[in-house]
Amino acid sequence: MAGPRGFRVTGIRTTMDATVAKPMHPELIGTIAPDPRRNTMATYLTFATRMAGPLQDLTERRPRLSIDAYPLERLLLLRCFGQVEHLEDATEIRNSGRELLYHARVRDEGTLLLEGGGDEADIIASLAEQNAHLLPPIRWQRGEALVSLVLENGADSQSLLAQFPEARLVSKRQAASTARRGSALSSPLFLPRLTEKQARALLAAHDAGYYEFPRKATTEEVSLSLGIARSTFEQHLNRAEHHVVRALLPMVRMRAGREGDEALEVYSRFSRELGLYVHLEVLGDRVAAVRLARKAPTESAGSDHPYLARILEHIRTGRGDLTDIPLHLEVAPFEREVLEFLRTIPPGQVITYGEIARRLGRPGASRAVGTACARNPAVIVIPCHRVVPKAGGLGEYSSEGGPETKRKLLQREGAPIAADRPPGRERPKARSTRTRPASAHA
């Protein structure tokens, strides 16, 4: 979008679409940090504007598409939601004058990394000269851009708005804080799903030296400093690490020299044994996801793939070793430990969440193990259905079909299945999923 000095901004933030996760409050996300030498009044300003350009054209043509853009000097990261099918091939992207370095899609979310331009860095610098600092992401939706700025003392909001065509004020408020020049460019916000509790856990671990080598603190020590249970802290920390790792993968792939045009292919076939479709997502020669669903995908590369055939045969017979199927996992380190351990559990056997935590050297992390199971990206291939609660019964199963699907899988494998409520023992009281998100274990 055109701006001061004829620069172009190509992305935006908004809360217009309730289906898209909202970024954390600006005061919690680290883009703005207090300067001990200064104590000024900051103003948070959000405005909408319409400017000709590829993202305006693209979001007008796809009304259910929302694009969050994060400028990184000469790079531009686009996180796209909704109508993302074949987004990398869109005329607006191909003719944007930028090289497409990386693209990926998981269901209705897509990620694009573009190189070229540099206009965003210029306009951020221009705004900073006027004591205004961009709060990424910038969002485009339905041909309109929403931009959020932090204004320091002396910044003229009317003058700033006048520099953007058809600008209209959306919100304006004040808070005691200070913005650092260039902070928006050096600390882009990749993490719209990061919660305040997760962010606090990650910061506390970092400040305590948990990520230094050798480590200067344990998770137990950090949790004590926060005054919360170790298992609760580890749950928040693991999820925060998951968000950070996923956010940085596009940059990591560039450093690793991976080809940017590696395509994600989806295969699907119906399983009579489960009464569900098995969706296989393959990236190159590695499995990126295995999901169960009641409907076939809207787009598919077909129903014939060697990995999919083996998965369906295993579901049908309960036999066959799937441990040699290579995986592409975008998960946090502890989740990876758990998922790799799950692949060592033979068919026909079960294990408890607590036992897995103990064998991984984290005896107090059974809830974190449950969270990792619930987030399992490749069910069946990573057999989280072989994990059961210590109290007895099957427990929950986060994939389609719930515990009944879990029961069918274990029965096919010949695993000993205890009654849902062991004799002489009370059934555990149900807990609200709103307060215990890890309860829907896979």
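A: A contact means heavy atoms within 4.5 Å. By that definition, residues 24 or more positions apart account for 69% of the contacts in the chain with a separation of 6 or more. This is a predicted model, in which local features need pLDDT of at least 70 and side-chain atom pairs count only at pLDDT 80 or more, while totals for chains, interfaces and linings use all residues. Residues are numbered from 1 along each chain as its sequence is written, and side-chain values use heavy atoms, with hydrogens and water left out.

Q: What makes a stretch count as a helix or a strand, and how many of each does the chain have?
A: Helices (H or I, at least four residues) and strands (E, at least two) are DSSP runs, numbered from the N terminus. The chain has 13 helices and 14 strands.

Q: Why is the pair E196 and R200 called a salt bridge?
A: The term requires a side-chain nitrogen of Lys or Arg within 4 Å of a carboxyl oxygen of Asp or Glu. The closest N and O atoms of E196 and R200 are 2.7 Å apart, so the pair meets the cut-off. The two residues are four apart in helix α6 (residues 196-207) and therefore separated by about one helical turn. The structure holds 20 salt bridges.

Q: Are E196 and R200 buried or exposed, or in between?
A: Buried means under 20% relative accessible area, exposed over 50%, and partly exposed in between (1.4 Å probe, protein chains only). E196 has a relative accessible area of 35% and R200 one of 49%, so both are partly exposed.

Q: How do you know that E234 and R362 form a salt bridge, and what does the pair tie together?
A: Their closest N and O atoms are 3.3 Å apart. E234 lies in helix α8 (residues 230-256) and R362 in the loop between α11 (353-359) and α12 (366-374), so the pair ties together parts that are 128 residues apart in sequence. E234 is buried, because its relative accessible area is 1%; R362, at 15%, is buried too. R230, E234 and R362 are linked in a network of salt bridges.

Q: What makes a set of residues a nonpolar core?
A: Its members are buried Ala, Val, Leu, Ile, Met, Phe, Trp, Tyr and Cys residues joined through side-chain atoms within 4.5 Å. The largest such core has 42 residues, of which L280, V290, I311 and L342 touch the most other members. β11 (276-283), β12 (286-293), α9 (306-317), α10 (333-342), α11 and α12 each supply at least two residues of this core. Apart from it lies another core, of 17 residues, among them A69, C80, V84 and I93.

Q: Which residues does L280 contact beyond its neighbours within four places in sequence?
A: The contacts of L280 include V266, V287, V290, Y307, L308 and I311.

Q: Why is R61 called partly exposed?
A: The relative accessible area of R61 is 46%, so the residue is partly exposed. R61 lies in helix α1 (residues 54-61) and touches A90, T91 and E92, not counting residues up to four places away in sequence.

Q: How do you know which parts of the model call for caution?
A: The guide is pLDDT, the predictor's confidence in each residue, from 0 to 100. The chain averages 77, and 76% of the residues score at least 70. Over residues 1-39 pLDDT stays under 50, and over residues 176-189 it is below 50. Where pLDDT is low, the predicted coordinates should not be read in detail.
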